[in-house]
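Trainee: Before we start, please show me the structure. I would like to ask about the terms used for it.

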Amino acid sequence: MSASVPEQITQKIIDVLKADSELSGLSYYFGPPLTRQTPFVYVKWVGGPIVRETLQGVIWRHKWEVVVVDSSRQDDVAEKSVMTKATRIYTVLSGNPTLDGLVRDAKPVELTAETVVVATEWAKGELILAAARLVLEVVKEWSA
């Protein structure tokens, strides 16, 4: 499998999400960005096992992380935004299990979230930062 296949799958995940009307206005990245402007989504290839299925073919069963991040200076805003966007990402990716025919199977297998309060002075919260991570397991056939 050429090095460009993980890039193609990453780009396809981004393209599928961007095509959704509820997710189209977000910024998308290959991996965590340096930007502080939220909301944004990044897609990161994690990797996984390669299994020989036949003498000429192998199966890649790899994982990608799709992470949505938002922030707010008001209570509940970032958390609600991330929950809404994460569940929409789950719905969109669940509804396209072959990523438009690029892979054999792509299914969400995990969804987790975190929230932190960023403070510049002791006990004085300045910003609420919320994120959710969806793990997408992708099965891709490849001829060795």
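Predicted model: local features only at pLDDT ≥ 70, side-chain atom pairs only at ≥ 80, totals over all residues.

Mentor: Residues are numbered from 1 along each chain as its sequence is written, and side-chain values use heavy atoms, with hydrogens and water left out.

Trainee: What makes aspartate 100 and lysine 12 a salt bridge?

Mentor: The term requires a side-chain nitrogen of Lys or Arg within 4 Å of a carboxyl oxygen of Asp or Glu. The closest N and O atoms of aspartate 100 and lysine 12 are 3.5 Å apart, so the pair meets the definition. Aspartate 100 is in the loop between H2 and strand S5 (105-121), and lysine 12 is in helix H1, 88 residues apart. Helices (H or I, at least four residues) and strands (E, at least two) are DSSP runs, numbered from the N terminus.

Trainee: Why is aspartate 100 called exposed?

Mentor: Exposed means over 50% relative accessible area, buried under 20%, and partly exposed in between (1.4 Å probe, protein chains only). Aspartate 100 has 53%, so the word is exposed. Lysine 12 has 22% and therefore counts as partly exposed.

Trainee: How many salt bridges are there by this rule?

Mentor: The count comes to 8. One of them joins glutamate 65 and arginine 133, with the closest N and O atoms 3.1 Å apart. Glutamate 65 lies in strand S4 and arginine 133 in strand S6, so the pair ties together parts that are 68 residues apart in sequence.

Trainee: Is glutamate 65 buried or exposed?

Mentor: Its relative accessible area is 14%, so glutamate 65 is buried. Arginine 133, at 24%, is partly exposed.

Trainee: Which residues have the most contacts inside the largest nonpolar core?

Mentor: They are Ile9, Ile13, Leu17, Val66, Ile89, Leu93 and Leu99, in a core of 29 residues. Such a core is a set of buried Ala, Val, Leu, Ile, Met, Phe, Trp, Tyr and Cys residues joined through side-chain atoms within 4.5 Å.

Trainee: What does leucine 99 touch?

Mentor: Not counting residues up to four places away in sequence, leucine 99 touches Ile9, Lys12, Ile13, Val16, Leu93 and Ala106. Contact means heavy atoms within 4.5 Å.
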